[in-house]
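User: I would like to learn how to read a pocket and its ligand. Can we work through an example?

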Amino acid sequence: MNIERTLSIIKPDGVEKNLIGEVYRRFEQAGLRIVASRMLQLSQAQAEAFYAVHRERPFYRDLVNYMISGPVVAQVLEGENAIERHREIMGATDPKKAAKGTIRADLAASIEENVVHGSDGAETARNEIAFFFAQSDICPRLR
Ligand code: CMP
């Protein structure tokens, strides 16, 4: 068993459209366990830091402004191959390219308003989990 943890965010459009339960249902139905969860309003500095890897990209400023436009819900997901599994459930970044039945294909409006974020690899997952959660916030479910 390759039990992993990954960081997931329900973005402002997902919260605004009342999709928190729908997104959690999809995670749980796929066998991922929510082992930490919090709602928060990101500050501009937090959003800039979280997406610092994209700071040279043309969409960076709009992305930061969008991510601070309303509250987000951050969670740690745990399970077998959780990083890749979560990415499969989310679908491609651009909803137009996302496979049918994925969160983004079914629920997202655009590449920016794409409902969810997920870590893209093991090191990113470690860093992104630490961005939102202290070790003591995480309640392991699989051992
Ligand atoms: P996310 O997985 O959160 O990582 C970076 C985000 O930038 C991405 O989802 C998109 O919502 C957003 N974004 C906006 N425009 C683009 C673009 N042209 N290419 C990639 N990501 C974009």
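User: What volume does the largest pocket have?

Analyst: Keep in mind that this is a predicted model. The largest pocket has a volume of about 640 Å³.

User: Which residues lie nearest the centre of the largest pocket, and how many line it?

Analyst: The lining consists of 23 residues, and K11, Y51, H54, T93 and H117 are those nearest the centre. Two or more lining residues come from each of α5 (82-90), β4 (116-118) and α7 (122-132). By class, the lining divides into nine nonpolar, seven polar and seven charged residues.

User: Where does the ligand sit?

Analyst: A molecule is assigned to a pocket if more than half of its atoms lie within 2 Å of the pocket's grid points. Here the ligand sits in the largest pocket.

User: Which residues surround the ligand, and how do they divide by class?

Analyst: The shell consists of K11, Y51, H54, F59, L63, T93, R104, I111, E112, N114 and H117. Four of these shell residues are nonpolar, four polar and three charged.

User: Which atoms of Y51, I111 and H117 lie by oxygen atoms of the ligand?

Analyst: For a polar contact, look for N or O atoms paired within 3.5 Å. I111 instead uses a backbone N or O atom, 2.7 Å from an oxygen atom of the ligand.

User: How much of the ligand's accessible area does the protein cover?

Analyst: On its own the ligand has 460 Å² of accessible area, and the protein covers 79% of that.

Methods
Residues are numbered from 1 along each chain as its sequence is written. This is a predicted model: local features need pLDDT of at least 70, side-chain atom pairs count only at pLDDT 80 or more; totals for chains, interfaces and linings use all residues. Side-chain values use heavy atoms; hydrogens and water are left out. On a 1 Å grid over the protein atoms alone, a cavity is a set of points where a 1.4 Å probe fits but cannot get out, and a pocket is an open set with protein on both sides within 12 Å along at least five of seven lines; lining residues have an atom within 4 Å of a point. Grid points are joined across faces, edges and corners, and a volume is the space filled by probe spheres set on the points. Helices (H or I, at least four residues) and strands (E, at least two) are DSSP runs, numbered from the N terminus. Ala, Val, Leu, Ile, Met, Phe, Trp, Tyr, Cys and Pro count as nonpolar, Asp, Glu, Lys and Arg as charged, and the others, Gly among them, as polar. A residue is near a molecule or strand if one of its heavy atoms lies within 4 Å of it. A polar contact is a pair of N or O atoms within 3.5 Å; within protein, one must be able to donate a hydrogen and the other to accept it, and residues adjacent in sequence count only if both atoms are side-chain atoms. Accessible areas come from the Shrake-Rupley method with a 1.4 Å probe; for residues, only the protein chains shown count as cover.
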